[in-house]
Amino acid sequence: MPQTTLLTTPLHAAHVALSARMVDFGGWDMPVNYGSQIDEHHAVRKASGMFDVSHMQVVDLRGAGVRPFLRMALANNVDKLKVAGKALYSCMLHAKGGVIDDLIVYYFGEEMFRLVVNAGTAEKDIAWLRAQLSASGRTDVTIEPRPDLAIIAVQGPQARERVWEVIPTTHAGTAEMKPFNGALFGDTPFGDVMLGRTGYTGEDGFEVIVAATQVNALWLALLERGVKPCGLGARDTLRLEAGMNLYGQDMDETISPLNAGLSWTVDLSVPRDFVGRSVLEQDGQSYAVVGLILLEKGGVLRAHQKVHTEVGEGEITSGTFSPTMNQSIAFARVPKSVAIGSIAKVAIRDKLLEARVVKLPF
């Protein structure tokens with residue numbers, strides 16, 4: 001069979017120069033680590049680390065009809081976005097209530113909203129948005145993918161300080177930007193930049209969106225200030241500790257957000273029609289997503305392992321060994337009546353090992 005050529009980000013050469021171990025990640029050639037995944041994990045928890053997330057897709061929506069269009073297209077309610085820069089986490093659902101993707105939407109004005117969607121779903125996300133727009137008959141919205149932009153996530157207790165060192169700005173008040181807010185800057189050494197005080201690690205920091213032609217210079221500037229390059233391995237252990245879902249693993253088109261631990265991203269409180277709402281209201285919630293901490297030696301919690309509880313069976317969706325906790329941890333989808341603090345048994349190879357049920361995040 002012919003070999004498929006992997007996609008690369010504008011930082012690919014920088015990763016190779018740092019001797020990163022590269023892997024196929026959903027069709028992208030991405031760094032899994034630069035030596036020690038454990039060191040990278042601890043750098044983010046204790047100081048600062050940076051991740052190339054340029055494989056993710058920025059999509060700008062413009063026009064007078066963007067708000068009413070997104071009000072229908074997203075499960076969370078964009079009417080919550082009233083202050084420029086404010087961000088909202090949401091899912092896009094298909095008509096049967098399954099999750100097409102989870103994303104962040106930023107509000108920069110009544111005629112300018114920005115979405116950041118997952119790499120592996122970007123093509124179908126954009127096609128779905130365009131199909132919804134066509135079906136709506138609206139002519140006052142444009143959907144513009146931005147492959148000219150790249151993204152570096154800088155995370156950790158020192159992350160914001162390091163970013164402000166390389167992106168000095170005269171804009172008053174932005175140094176105190178609140179979490180889940182963003183801002184646009186046009187006066188930086190790297191040209192136009194967007195900072196979002198968001199991330200996927202449970203730590204403070206920024207996701208920095210910059211022109212693809214400028215991202216290498218930004219990467220090097222952060223590297224010179226001691227920000228540690230981090231790969232997909234640390235990104236996964238960090239997000240698991242922080243209780244953050246991964247699309248394609250913890251939820252997908254076969255799972256309702258109500259059964260994927262994402263009910264907080266669905267706004268059913270107002271009479272707003274959005275795609276998939278009627279099915280969510282009809283089917284309700286049957287499962288909860290909980291944390292598991294393995295109590296016995298003899299294995300590591302991994303995806304797809306069966307979970308036995310007093311009220312029925314479930315399944316692990318994501319599992320790993322936590323460098324911070326020094327324990328094996330996992331997310332599990334279990335019957336919603338499972339009690340926090342109870343003991344479950346996980347099938348690991350030919351053994352049933354005990355794990356404590358805990359509330360997320362760890």
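Axes are lines fitted to C-alpha atoms, for helices over the stretch in contact, and angles run from 0 to 180 degrees between N-to-C directions. Helices (H or I, at least four residues) and strands (E, at least two) are DSSP runs, numbered from the N terminus.

I noted that this is a predicted model, where local features need pLDDT of at least 70, side-chain atom pairs count only at pLDDT 80 or more, and totals for chains, interfaces and linings use all residues. Residues are numbered from 1 along each chain as its sequence is written, and side-chain values use heavy atoms, with hydrogens and water left out.

**Helix pairs**

I looked up α5 (residues 159–166) against α6 (residues 215–224) and found an angle of about 120 degrees, with the axes 10 Å apart. The two helices are therefore oblique to each other. Their crossing is right-handed; a crossing is left-handed if the near helix is turned anticlockwise from the far one by less than a right angle, and right-handed if clockwise. On the α5 side the contact is made by Arg 162, Val 163 and Val 166, and on the α6 side by Leu 218, Ala 221 and Leu 222. Contact here means heavy atoms within 4.5 Å. By class I logged 5 nonpolar, no polar and 1 charged residues for this contact. For the classes, Ala, Val, Leu, Ile, Met, Phe, Trp, Tyr, Cys and Pro count as nonpolar, Asp, Glu, Lys and Arg as charged, and the others, Gly among them, as polar.

I then took α2 (residues 37–46) with α7, which pack at an angle of about 50 degrees with axes 8 Å apart. That makes α2 oblique to α7. The crossing of α2 and α7 is right-handed. From α2 the contact uses Gln 37, Glu 40, His 41, Val 44 and Arg 45, and from α7 it uses Gly 233, Ala 234, Thr 237, Leu 238 and Glu 241. I logged these residues as 3 nonpolar, 4 polar and 3 charged.

**Cavities**

I searched the whole structure and noted 2 cavities of 30 Å³ or more. On a 1 Å grid over the protein atoms alone, a cavity is a set of points where a 1.4 Å probe fits but cannot get out, and lining residues have an atom within 4 Å of a point. Grid points are joined across faces, edges and corners, and a volume is the space filled by probe spheres set on the points.

The largest cavity has a volume of about 50 Å³. Its lining includes Met 30, Phe 51, His 55, Cys 230 and Arg 235. β2 (28–33), β3 (49–52) and α7 (232–241) each give two or more residues to this lining. By class the lining of the largest cavity has 6 nonpolar, 2 polar and 2 charged residues.

The second largest cavity has a volume of about 40 Å³. I listed Met 56, Tyr 106, Val 116, Ile 151, Met 194, Glu 207 and Ile 209 as its lining.

**Backbone**

I noted a cis peptide bond between Leu 360 and Pro 361, with omega about 0 degrees. Pro 361 is in the segment after β19 (351–358). Asn 326 is not a glycine, yet has a positive phi of about 60 degrees. I placed Asn 326 in the loop between β16 (312–322) and β17 (327–335).

Terms used
Angles under 35 degrees count as roughly parallel, over 145 as roughly antiparallel, 65 to 115 as roughly perpendicular and the rest as oblique. On a 1 Å grid over the protein atoms alone, a cavity is a set of points where a 1.4 Å probe fits but cannot get out, and a pocket is an open set with protein on both sides within 12 Å along at least five of seven lines; lining residues have an atom within 4 Å of a point.
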